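Welcome! Please take a moment to look over the sequence and the model before reading on.

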Protein chains: 2
Amino acid sequence: MKKRVCDLGELGLIEKIKSQVLHLSSDVVGIGDDCAVIGTECGESLLATTDTLIEGIHFLRETCPFFDLGFKSLAVNLSDIAAMGGTPKHALVSLSLPPEMEVDDFEEFWRGFFKLANQFQVALVGGDTTGSLRDLAISITLLGTCDPFHLKFRSGARAEDIICVTGFVGDSAAGFRLLQEKVQSFTRPGISLQDFEFLTSRHLRPLPQVEQGIWFGKRKVVHAMMDLSDGILSDLSQIMSGSRLEAVVELESLPLSHEFRRVCDHYGWPAIELALTGGEDYLLLLTVDPKEWPQLQQEYFEEFGENLHPVGQMLLGGSPRKNQPSFLKEGRIAAFLGEPFDHFSGSKRGKMK
Amino acid sequence: MKKRVCDLGELGLIEKIKSQVLHLSSDVVGIGDDCAVIGTECGESLLATTDTLIEGIHFLRETCPFFDLGFKSLAVNLSDIAAMGGTPKHALVSLSLPPEMEVDDFEEFWRGFFKLANQFQVALVGGDTTGSLRDLAISITLLGTCDPFHLKFRSGARAEDIICVTGFVGDSAAGFRLLQEKVQSFTRPGISLQDFEFLTSRHLRPLPQVEQGIWFGKRKVVHAMMDLSDGILSDLSQIMSGSRLEAVVELESLPLSHEFRRVCDHYGWPAIELALTGGEDYLLLLTVDPKEWPQLQQEYFEEFGENLHPVGQMLLGGSPRKNQPSFLKEGRIAAFLGEPFDHFSGSKRGKMK
């Protein structure tokens, strides 16, 4: 029987593409990081990233209002630029619209898009608007710039580095579950409208950490950086393989919001699993020189009024077979059997990424 | 009743977007040309263009082999860079794949893509591969560069300019018809396998005129340029409105291939209509200083071994009401009632653009 693309999965397909690349120009840092990095003659590097969102795969119209769809489809790209330490500049937007879509919804999409674009001074410079047979498809390319000395890669981590994240993990995944299951029993004890709003807004309108990314980019003590889009389990594996190191994550250190804890308690959701694999947090995941860690944490708090949360440490090792971090619980290695996210598995349909 | 996007059409939707643009950075030439043009500090302009192709709208799997799909999806973007006078450099490719798609087909797509990418030294620098529910979607962003003094716009045409095209028009449209109607009666007199192959290859594997575009870019006597993607009727209207001029096209001057004429004769297809509105020729449409026209034509022939075909002239005038060129037939104004192409009309489904 012939192999199908769902048998190979995303990483297998990328390997197939790589094997055909003949021409990789010398000014380019290849495929693999959050953005492509292109050297220019005037010193600044050009950053480029693209993401396509397809109805039914990455979002459901029932759970994602059009304003939020416009907002989030730009947010996920902004997060990629932030992850490199770059400044977002110009966007190209391709829309494929089902013919029966209402013009009001089309305008709501753009209101959401421009809400965020104006906040980060991103200019819409081009794109493409065509019809589709059934599903709405959004493809955004975002261009940015970065001083080449401020770029952060997944490959920069060093042994002993402190691994940290810039906010609470799991909120978006819980928000998605709340939306997906159309949980509306607000009167039951333990889930308030406030908790519902907090978690679902973290899912629908994540605020990309652009200023934070630029700030980290300027600091040499930050060795590696990427954005948290698929969950720590999967994303940290990228830093591990990029940097040829192992990593250990202390489960008690995972920063979990009160809202997240309350809702997981209430529904009996597996909080740790959700926090590690839920994804779509669009926070930053970075590794920091351990000697400089206390000072960075303090300066970060002074600058942004928020905590930088240490969650683990990079370690020597890193065999090609082992591509997941280890987990510590109460000082011991804990088994963790969560599945990393793959868009071909179909198990998380309707989840935007 | 609420308005639907198909009621507004592509241009109406673009107007809706424009009305929301608050931030248009000063380094950008706005929405409307074949590419976005972004000024940089090192003198060179950055060009960016994006195109999304959706199965069932822009192509049909039955009529477009995967190799050709990969080839053409890059070709249409290369043509946009060529139309500005630019040099293509870097591509980002987003694929949304139905899970049951065969890996062999996926690899064929990339073979077609890299065939053209390697020919024009375009580096694949990033992208995104995800699943789709049903249809295959391809979104390509192509980046290029251009000396800002060599850029050509739709707005540059002047009254009296000679309008010309760089090859035979209508071949692609005829090739599409041949594929669509699955015409296989090769034994009938008048349509040979050679004609079939010639016309369908012009549709499936158009060769973007990158070298020609760069060559024109360097010549001041070329005042306006764009690529022929929707057909002369629609594309010339863009130059007319961009340059606030009228235009007249001499129908007898339209360069038609022997293969095209033979097949149109055989099937009774309206050759002139197909040549004017069929689109997807991916040739260049340009306007040239009339005094310098003979010399340009001669130099072009010496450089490329092909004719530059004059098809009409730009004229003073250009009222907002009239947005189509006039047509001359045997020296008299000819009525022409063809409809310009719109992706929301649904009348040309399966046509790639």
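Over which residues of chain A does pLDDT stay under 50? They are residues 345-353, for which the model has 21 contacts beyond four places in sequence. Here pLDDT is the predictor's confidence in each residue, from 0 to 100, and two residues are in contact if their C-beta atoms, placed from the backbone, lie within 7 Å. Where pLDDT is low, the predicted coordinates should not be read in detail.

This is a predicted model, in which local features need pLDDT of at least 70 and side-chain atom pairs count only at pLDDT 80 or more, while totals for chains, interfaces and linings use all residues. Residues are numbered from 1 along each chain as its sequence is written, and chains are lettered from A and ligands numbered from 1 in the order in which they are written. Chain A averages a pLDDT of 87, with 87% of the residues scoring at least 70. For the complex, the predictor gives an ipTM of 0.85 and a pTM of 0.89.

**How the chains relate**

The same surface serves both copies, as 100% of the contact residues of chain B recur in chain A.

Between the chains, 71 residues of chain B are in contact with 71 residues of chain A.

**The core**

The largest nonpolar core has 197 residues, and B:A48 is one of those that touch the most other members. Such a core is a set of buried Ala, Val, Leu, Ile, Met, Phe, Trp, Tyr and Cys residues joined through C-beta atoms within 7 Å; a residue is buried if 20 or more other C-beta atoms lie within 10 Å of its own. Beyond four places in sequence, the contacts of B:A48 include A:L92 and A:V125 from chain A, and B:C35 and B:T141 from chain B.

**A strand and its partners**

Strand 9 of chain B (residues 246-250) has B:A247 and B:V249 on its covered face. Strands are DSSP runs (E, at least two residues), numbered from the N terminus, and two of them pair if DSSP finds at least two bridges between them.

| Partner of strand 9, chain B | Sense and bridges |
|---|---|
| Strand 11 (residues 309-315), chain B | antiparallel, four bridges |
| Strand 12 (residues 326-329), chain B | parallel, three bridges |

On the uncovered face, B:V248 stands opposite B:Q313 in strand 11 and opposite B:S326 in strand 12.

Methods:
Buried ≥ 20, exposed ≤ 12 C-beta atoms within 10 Å, placed from the backbone.
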